[in-house]
Amino acid sequence: MKIERKNGLNLIRKTLSDDNFLKLIKRGENIFSKILSLALLSVIVVSIFDLVLILIRDLFSNPVGFFEKTIIDIFGLFLNILIALELLENIAVYLKKHVVQVELVIITSLIAVARKIIIFDFSKYSELHLLALAVAILSLSISYWLVKRLSSKV
C-alpha cells in the first residue's frame, strides 16, 4: 500500500513538474486555437453566404439596379469579412510559430478602425466620436511604424 502511494505521489510530482506542465499548457493552447479557427472559419463562410444573398436580392429585386441598402452598408459587410480573415490569419500564424505577431495584430486593428470610419454615420454620432477614431488611427499608425522600424533593424 505504501509503495503504491509513493508511486502515485511521484507520478503527480512528475506530471506537475515545470516542463510537463508547460507542455500541457502548450497542448491546450493548440487545441483551443484550432477550435477558435474552425469557429471563425464557419463565421466567415456564413458571412460570405449572407453577403452574396444580400447582393443578389438587392440587385434583382430592384428593376433600376440600385441597392436597397446603402453602398456604405455593403462596404461594411465586405470589411467585416476582411477583418475576420485577418483574425483567422492571426490564429494561423500563432499555430505555426507559437508567437503573437504584433504587426499583424496592429494591421487587423487598423482595418477595424478604418471600417468604423468608412461606415461612420454622422446622424448617429458626433464629431467627437470621429475625432476619437482619428486618434485611434493615428496611434495605431505610429505603433505600426515603430514595429516596422524596429523589425527592420533586427
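In the predicted model, T108 lies within helix α4, which spans residues 102-118. The relative accessibility of T108 is 6%, below the 20% cut-off, and the residue therefore counts as buried. A polar atom of the T108 side chain is placed 2.9 Å from the backbone oxygen of L104. When neighbours within four places in sequence are set aside, the residues in contact with T108 are I83, E86, L87 and N90.

The protein contains 5 helices and 0 strands, and the order of elements from the N terminus is α-α-α-α-α. Of the 154 residues, 19% are buried. Among contacts between residues at least 6 apart in sequence, 59% join residues at least 24 apart.

In soluble globular proteins, nonpolar side chains tend to be buried together. The largest nonpolar core in the model consists of 7 residues, namely L40, I44, L51, I81, A84, L88 and I91. The largest contribution is that of α3, with 4 residues. Within this core, L88 was examined individually. Apart from neighbours within four places in sequence, L88 is in contact with S37, L40, L41 and I44. Of these partners, L40 and I44 are themselves listed in the largest core. Another core, of 6 residues, lies apart from the largest one and includes I106, L110, F120 and L133. Of the residues named for this other core, I106 and L110 fall within the limits of helix α4 (residues 102-118), the helix that also holds T108.

The average pLDDT of the protein is 85, and 90% of the residues score at least 70. By element, the lowest confidence is found in helix α1 (residues 2-15), with a mean of 68. The highest is found in helix α5 (residues 127-153), at 92.

Technical notes
Residues are numbered from 1 along each chain as its sequence is written. This is a predicted model: local features need pLDDT of at least 70, side-chain atom pairs count only at pLDDT 80 or more; totals for chains, interfaces and linings use all residues. Side-chain values use heavy atoms; hydrogens and water are left out. Helices (H or I, at least four residues) and strands (E, at least two) are DSSP runs, numbered from the N terminus. Buried means under 20% relative accessible area, exposed over 50%, partly exposed in between (1.4 Å probe, protein chains only). A polar contact is a pair of N or O atoms within 3.5 Å; within protein, one must be able to donate a hydrogen and the other to accept it, and residues adjacent in sequence count only if both atoms are side-chain atoms. Contact means heavy atoms within 4.5 Å. pLDDT is the predictor's confidence in each residue, from 0 to 100. A nonpolar core is a set of buried Ala, Val, Leu, Ile, Met, Phe, Trp, Tyr and Cys residues joined through side-chain atoms within 4.5 Å.
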